[in-house]
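Here's a quick walk through a protein chain and its ligand. Have a look at the model first, then read on.

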Amino acid sequence: MTRALTPRDIDAFQRDGVVLIHGAFGPEWLSRLRAIVDSILEEPGGFISDTGDQGRGAGRALDARYLWRENDAVRSFVFDSGVADLVGQAMGCEELRFYFDHWFVKEPGAKTSTPWHQDVSYWPFTGQQIASLWLPLTEVDRASSGLELVKGSHRWGKCYKPRRFVASDQKSDWIHDAEGETLPDIEAERDRHDIFSEPMQPGDALIFSAWIIHAAPSNTSERTRAAVSTRWLGDDVRWRPHPAADPSIRQEDLSIAPGELARDDDVFPVVWMRTTPRFDKQS
Ligand SMILES: O=C(O)CCC(=O)C(=O)O
């Protein structure tokens, strides 16, 4: 176990949809994770979107996913670092399955922002116990593309229509089939919301619900900004493939049928099981 979350942390996650854990990961993990980022920048693999034809340091923005399938260092972080333990405690589930790893790099001056969105809109699942742990590997604040989240929006009872992050992104053309309500213009109405927007140090972590609305501005600072999200599935999550869902995992990759719990041990491996009573049972 990395460390026990406090009742306050767990309450904050349940109430706000996000909790900040200071110093969740130490220098050893950070240096391993930064080495992974360097290798991604040098040699981007599949599942990648990259503006980087100008090369490093020139406003390049890149995101990469599903490295865990082939990269031992990523697997080690997912399985051995205690990351699942933090998310499992926050969600209050009995077991936690891994979905995928997602790396975000914005070089100094990268104009690419991550627009306001809700992760669950893009994913082929239903269920409340879906969350990510977002870990900055560099110092972040608003100028250097820190993550911002609309507190409490995970409880609005809405699954908004997904939209492409970058209009010209041909790889995301599955998004055009999306149904649902359009996300409100959060940027235009910032003052109507309680927005989490705090500077973070490398190793601080945010655990947030897949239902919460969040975004990250472009990187107007002079330093590279890198972060990794790991995505997690709890007890109530069911497989729900639909036209507007990310097709990276296909029905034929799975041993479960639509509507069934996401219990495919190869594609969504169990990484964590509860060994201590839940906080609400202790109190
Ligand atoms: O780091 C970013 O720019 C975006 C992160 C994000 O949206 C996520 O992890 O869901």
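A residue is called buried if 20 or more other C-beta atoms lie within 10 Å of its own, exposed if 12 or fewer do, and partly exposed in between. Keep in mind that this is a predicted model.

Tyrosine 66 has 18 other C-beta atoms within 10 Å, so it comes out as partly exposed. Its place is in the loop between S3 and helix H3 (72-80), and its phi is positive, near 60°, although the residue isn't a glycine.

Serine 145 also has a positive phi without being a glycine, with a value near 65°. You'll find serine 145 in the loop between S7 and strand S8 (148-150). Is serine 145 buried or exposed? With 27 other C-beta atoms within 10 Å, it is buried.

## The overall picture

The protein chain carries five helices and 14 strands. Of its 283 residues, 39% count as buried. Take the contacts between residues at least 6 apart in sequence: 82% of them join residues at least 24 apart.

Strand S3 (residues 61-65) is mostly covered, with four of its five residues buried. S3 pairs with strand S4 (residues 95-106) in the antiparallel sense, over five bridges.

## Around the ligand

Phenylalanine 104 turns up again in the ligand's surroundings, and so does serine 145. Others there include His102, Asp119, Trp134 and His214. Which strands each supply at least two residues of this shell? They are S4, strand S7 (130-136), strand S11 (213-216) and strand S12 (225-233). By class, the shell has five nonpolar, six polar and one charged residues.

Helix H4 (residues 83-91) is mostly covered, as eight of its nine residues are buried. Among them are Leu86, Val87 and Ala90.

In soluble globular proteins, nonpolar side chains tend to be buried together. Here, the largest nonpolar core holds 72 residues, and those touching the most other members are Val37, Leu86, Val87, Ala90, Ala131, Ala205 and Ile207. S4 gives the most to this core, with seven residues. Leaving out residues up to four places away in sequence, alanine 90 touches Leu5, Asp9, Ile10, Phe13, Val19, Ala131 and Ile207.

Methods:
Residues numbered from 1 in each chain as written. Predicted model: local features only at pLDDT ≥ 70, side-chain atom pairs only at ≥ 80, totals over all residues. Contact = placed C-beta atoms within 7 Å. Pairing = 2+ DSSP bridges. Near = placed C-beta within 6 Å. Nonpolar A, V, L, I, M, F, W, Y, C, P; charged D, E, K, R; others polar. Core = buried A, V, L, I, M, F, W, Y, C linked by C-beta atoms within 7 Å.
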